[in-house]
Amino acid sequence: MPVKIAHITLSMGTGGIENLILDLCKNTNKDKFDISVICLDSPGNLFNDLKPLGVNGFVEQRRPGLDWRLILRLVSFFRSMQIEVVHSHNQACAFYAGIAAFLARVPVSIVTEHSRNYIQAKLARRIEKKTVSLMLDKWVNVSYELATHTIKTDKINSNKVEVILNGVDCDKLTNPQQVIVNEIKNIYQLNGHNKIIVMVARLNSIKNHALMIDALSLLVKDITDVKLILVGDGDCRSDLEKKVSQLGLTHKVLFLGLSRNIPEILSLSDVFVLCSHSEGLPLALLEASAAKVPVVITENSNGAQFIKNMEKGIVVKDDALSLAMGIKECLKNHDQTIRMSAAAQKDVIENYSLESTVKHYENLYLERS
């Protein structure tokens, strides 16, 4: 009989966590595992992708504040569905699902921690993390740097800490569909003279798009044919559009919204930028590197230390001038850029494949189930 797994997430909106869950749903061995996804808050735009994959999706609509009744509902669900593995994503989900899995006596309960933004400066959250970890079998981190913090800063038992690196579909990213590439060019009137900067991230304050827009306002003084493509949507979109307008950059910035054509968009790009306030090991960074797009990343975004400065990309300080100078360096020094992007692509293909990520999670699911 297949092992019954329940992924627990806040929603299935577009983001790194949600895309990882979707990748696991697509690629986990269906003969060995039967998968469900529970969204604690809302369904999100990727929720409807679950059913065609043979995955059952559920939405709990968590109440504001501390919703203790949600824990009881999860206990009931885990028991009635005979769930054997509970896989929570990030600490908020682990709090509810971890307690429920403990009470329901689920054989395996794990969490994947994708970043430290919500915990880094909050003692109460670190205490919560320590407490919740006592009820879990494994605390998975997506990078070795996050794992080090988990053990040394948060004092989690090292025997419970596991590192499973995020992975991406390298074949898909290195083979974009040319028909779609041409369509994107025509729709947005892009030509060979444009220098295209791309950010793939939800439009949320944590991703710090405002810094990129400020950097662009400096960059256009030297590079007039530059365009910024923002892929993603979110609650900051109207504020960002207003900022772009106020800076006179409307004709320089394209808001593409949500897109499933990431390989094609990346294939058109000259530079990929990540300038978040905090990151773990973002899938978007791995995707850009797999697609051989040169990377400029800020120090705060480079928490996993995936980009080694001047080896696999350019790492800059978290200010607009430094970011603009890094992008300019990337666009101007062609030979150096090719060398760095080739090194980054080689690293992703060899060490960050989706196949490897899925296999590691499958092995973890089977440890005690």
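Predicted model: local features only at pLDDT ≥ 70, side-chain atom pairs only at ≥ 80, totals over all residues.
Helix α8 spans residues 209–219. The helix is mostly covered, with 8 of its 11 residues buried. These buried residues are H209, L211, M212, I213, A215, L216, S217 and L219. An α-helix has 3.6 residues a turn, so residues three or four places apart point the same way. S217 belongs to this helix. The S217 side chain reaches back to the backbone oxygen of D214, at 2.5 Å. Beyond its sequence neighbours up to four places away, S217 touches L247 and L249.

L218 contributes to a nonpolar surface patch, together with L321 and M325. The area of this patch is about 280 Å². L321 is part of helix α12, which covers residues 320–332. L321 counts as exposed because its relative accessibility is 55%, and the cut-off is over 50%.

Salt bridges number 17 in the model. One of them pairs the side chains of K207 and E279, with an N to O distance of 2.6 Å. K207 lies in the loop between β8 (195–200) and α8, and E279 in the loop between β11 (271–274) and α11 (283–290), so the bridge ties together parts that are 72 residues apart in sequence. Both partners are buried.

A second bridge joins K328 and D222 at 3.3 Å, N to O. This pair also links distant parts of the chain. K328 sits in helix α12, whereas D222 sits in the loop between α8 and β9 (226–231). The two residues are 106 residues apart. K328 is partly exposed, at 25% relative accessibility.

R237 and D233 form another salt bridge, at 3.8 Å, N to O. R237 is partly exposed, with 22% relative accessibility. D233 is also partly exposed, with a relative accessible area of 33%. Elsewhere, salt bridges with shared partners join E113, R116, K129 and D154 into one network.

I5 lies in strand β1, residues 3–9. The relative accessible area of I5 is 0%, so I5 is buried. Outside the four places on either side in sequence, I5 contacts F33, D34, I35, S36, I83, V85 and Y365. S36 is 31 residues away from I5 in sequence, yet the two C-alpha atoms are 6.2 Å apart.

V161 lies in strand β7, residues 161–163. V161 is buried because its relative accessible area, 13%, falls under the 20% limit. Apart from neighbours within four places in sequence, V161 is in contact with W139, N141, A147, T150, I151 and I156. V111 lies 50 residues from V161 along the chain, and their C-alpha atoms are separated by 10.0 Å.

The disulfide count is 0. C25 is in no disulfide, and the nearest cysteine sulfur, in C39, is 10 Å away. C25 is buried, with a relative accessible area of 0%. For C236, the closest cysteine sulfur is that of C275, at 12 Å.

Methods:
Residues numbered from 1 in each chain as written. Heavy atoms only, no water. Helix = DSSP H or I, 4+ residues; strand = E, 2+ residues; numbered from the N terminus. Polar contact = N/O pair within 3.5 Å; in protein donor to acceptor, adjacent residues only side chain to side chain. Contact = heavy atoms within 4.5 Å. Disulfide = S-S within 2.5 Å. Buried < 20%, exposed > 50% of the residue type's maximum accessible area, 1.4 Å probe, protein only. Patch = residues over 30% accessible without salt bridge, like charges linked within 9 Å, V, L, I, M, F, W, Y side chains within 5 Å. Areas by Shrake-Rupley, 256 points an atom, 1.4 Å probe, with all protein chains shown as cover. Salt bridge = Lys/Arg side-chain N within 4 Å of Asp/Glu carboxyl O.
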